[in-house]
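Hello,

Here is the structure I promised to pass on to you. Have a look at it first, and then read on for what turned up in it.

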Amino acid sequence: MTTMTDPPGQGFRLSQLIYDTRYRSLTIQVVAMIVLMLLFSWLVSNTIHNLQTLGKDFDFGFLTQPSGYDINQRLIEYDSQSTHGRAAIVGILNTLLVAVLGCALATVLGVIAGVLRLSNNWLVSRLMAVYVEGFRNVPLLLWIVLIFALMTESTPAPRAFRGDTPDASMLFDAVAITNRGVYVPAIHFASPFFTNGALNWLVVLVVLGASIFAIQRLRHWATEKQEATGDRPTTWYLILGILILPTGLLMLLMGAFLDMPSLQGFNFGGGIHLRNSLIALWLALSLYTGAFIAEIVRGGILAVNKGQTEAAYALGIRPSTTMNLVILPQALRVIIPPLISQFLNLTKNSSLAIAVGYMDVRSTLGGITINQTGRELEGMLLLGLFYLVLSLLISGVMNVYNASVKLKER
């Protein structure tokens with residue numbers, strides 16, 4: 001009787017790197033990585049060689065040199081003798097201002113338009129359809145220029161507010177809308193904690209953020225109490241107190257007061273001057289992106305099973321409450337992922353600010369600074385790094401929020 005034995009083991013052969021499925025994918029990845037590294041090293045060496053040929057080096061020292069130009073819209077102190085680095089920071093803050101304001105307004109407009117597009121009222125749904133199709137099918141640059149032209153040409157000049165019977169008047173005696181911009185009241189501190197105004201506002205934001213965190217913990221406690229006993233404790237007065245009292249007390253300690261805009265000579269003085277370029281860019285970005293968000297919201301609502309709505313109506317829940325507490329929470333898992341992309345698009349589209357003279361980071365670091373210093377490579381690398389970090393930050397925050405609202409499965 002004979003017995004079958006396994007063939008003796010064979011050693012590793014180089015041909016297995018190609019023909020053996022156990023090693024083939026690893027071989028392809030290693031080869032691809034080597035090719036990419038060689039290509040990258042060639043690009044770096046070629047860039048260095050070209051810079052040496054032009055008599056230039058790779059240096060970021062230009063950031064410490066005086067900028068020599070003014071920035072019309074700024075959130076921190078700056079003048080023409082400030083460095084290019086500070087000019088870049090001013091531009092970054094201007095970009096962040098437009099991005100935050102734009103994302104907030106675009107979300108509100110998009111949610112409202114998306115819900116109203118599903119309204120049973122024919123006129124309302126058609127109007128929202130005109131808004132959505134009109135804005136998202138026309139290039140954003142045209143909307144920016146159009147809104148800027150409307151604000152510049154159709155609003156009165158400051159001289160129209162002069163005289164006993166002026167041709168124009170301020171809204172609520174506090175807001176002046178002119179062809180040079182919008183002037184609104186500003187909050188100043190008579191007894192600030194710091195000489196730097198930005199630090200005082202940072203303290204206010206920290207206190208406000210702590211109050212919001214405390215409110216979230218209070219709501220979480222109320223929800224747990226409701227799940228345990230069936231009764232939800234009344235917390236609205238506690239929420240109101242937590243939100244208002246700490247911040248209000250802090251503002252009182254710093255002697256907060258309103259600085260009202262007033263006509264001084266040929267222009268308005270005091271208050272906050274919001275230039276037409278900022279407002280035009282903000283409104284255009286919000287309206288344009290809001291049209292895309294409206295379609296995302298509409299698609300998310302339609303993705304929720306119609307039986308959810310019917311069940312809520314059968315329980316006697318009103319349509320508005322059904323939308324807020326039943327439909328939208330379930331639709332968020334469909335809405336949030338594409339919404340992240342729209343926020344990223346809005347942030348990057350803010351670079352079109354140069355069309356109306358708004359001094360964002362594209363105009364400062366990626367424009368005037370590069371033209372004056374001749375540091376194109378360094379400037380564009382810093383500009384690209386800023387947009388990359390900002391986009392990753394927005395994506396990360398929204399992904400955390402997406403994880404918190406997704407349906408929990410057992």
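Let me start with burial: of the 410 residues in the protein, 32% are buried. Please keep in mind that this is a predicted model, and that the values below are computed from it.

**The overall picture**

The protein contains 12 helices and seven strands. Its radius of gyration is 29 Å, well over the 22 Å that the globule rule gives for 410 residues, so the protein is more spread out than a compact globule. Along the principal axes, the C-alpha atoms fill a box of roughly 120 × 75 × 50 Å. If we take the contacts with a separation of 6 or more, 66% of them are between residues 24 or more positions apart.

Arg 13 sits in the segment before helix H1 (16-19), and with a relative accessible area of 41% it is partly exposed. Gly 163 is 150 residues away from Arg 13 in sequence, and their C-alpha atoms are 96 Å apart in space.

**Two helix pairs**

How do H5 and helix H8 cross? Their axes come within 8 Å, at an angle of roughly 135 degrees. Angles over 145 degrees would count as roughly antiparallel and 65 to 115 as roughly perpendicular, so H5 and H8 are oblique to each other. The crossing of H5 past H8 is right-handed. On the H5 side, the contact is made by Leu 140, Trp 143, Ile 144, Ile 147, Phe 148, Met 151 and Thr 152. H8, which covers residues 276-303, contributes Asn 276, Ser 277, Ile 279, Ala 280, Leu 281, Leu 283, Ala 284, Leu 285, Leu 287 and Tyr 288. Sorted by class, this contact has 14 nonpolar residues, three polar ones and no charged ones.

The other pair is helix H11 (residues 361-373) and helix H12 (residues 376-405), whose axes come within 9 Å and cross at roughly 170 degrees. That angle makes H11 roughly antiparallel to H12. From H11, the residues in contact are Val 361, Arg 362, Leu 365, Gly 366 and Ile 370. From H12 they are Glu 376, Gly 379, Met 380, Leu 382, Leu 383, Phe 386 and Tyr 387. Here the classes come out as eight nonpolar, two polar and two charged residues.

Thr 247 belongs to helix H7 (residues 236-253). Its relative accessible area is 14%, and because buried means under 20%, Thr 247 counts as buried. Setting aside residues up to four places away in sequence, Thr 247 touches Val 204, Val 207, Leu 208 and Ser 211.

Val 207 is partly exposed, at 24% relative accessibility. Beyond its neighbours within four places in sequence, Val 207 is in contact with Pro 246, Thr 247 and Leu 250. Val 207 and Leu 250 are 43 residues apart in sequence, while their C-alpha atoms are 8.3 Å apart.

**A buried arginine**

Is Arg 117 buried or exposed? At 17% relative accessibility, Arg 117 counts as buried. You will find Arg 117 in the loop between helix H3 (84-116) and helix H4 (122-136). Leaving out neighbours within four places in sequence, its contacts are Ser 125, Met 128, Ala 129, Val 132, Glu 133, Glu 295 and Arg 298.

Most residues other than glycine have a negative phi. Phe 172 has a positive one, near 55 degrees, and phi of Asp 173 is also positive, near 55 degrees. Where do they lie? Phe 172 is placed in the loop between helix H5 (140-153) and strand E1 (176-178), and Asp 173 lies in the loop between H5 and E1 as well. Phe 172 counts as exposed, at 79% relative accessibility, and Asp 173 counts as exposed at 64%.

Happy browsing, and do write back with any questions.

Best wishes

Conventions
Residues are numbered from 1 along each chain as its sequence is written. This is a predicted model: local features need pLDDT of at least 70, side-chain atom pairs count only at pLDDT 80 or more; totals for chains, interfaces and linings use all residues. Side-chain values use heavy atoms; hydrogens and water are left out. Helices (H or I, at least four residues) and strands (E, at least two) are DSSP runs, numbered from the N terminus. Buried means under 20% relative accessible area, exposed over 50%, partly exposed in between (1.4 Å probe, protein chains only). Axes are lines fitted to C-alpha atoms, for helices over the stretch in contact, and angles run from 0 to 180 degrees between N-to-C directions. Angles under 35 degrees count as roughly parallel, over 145 as roughly antiparallel, 65 to 115 as roughly perpendicular and the rest as oblique. A crossing is left-handed if the near helix is turned anticlockwise from the far one by less than a right angle, and right-handed if clockwise. Contact means heavy atoms within 4.5 Å. Ala, Val, Leu, Ile, Met, Phe, Trp, Tyr, Cys and Pro count as nonpolar, Asp, Glu, Lys and Arg as charged, and the others, Gly among them, as polar. The radius of gyration is taken over C-alpha atoms; the globule rule is 2.2 Å times the number of residues to the power 0.38.
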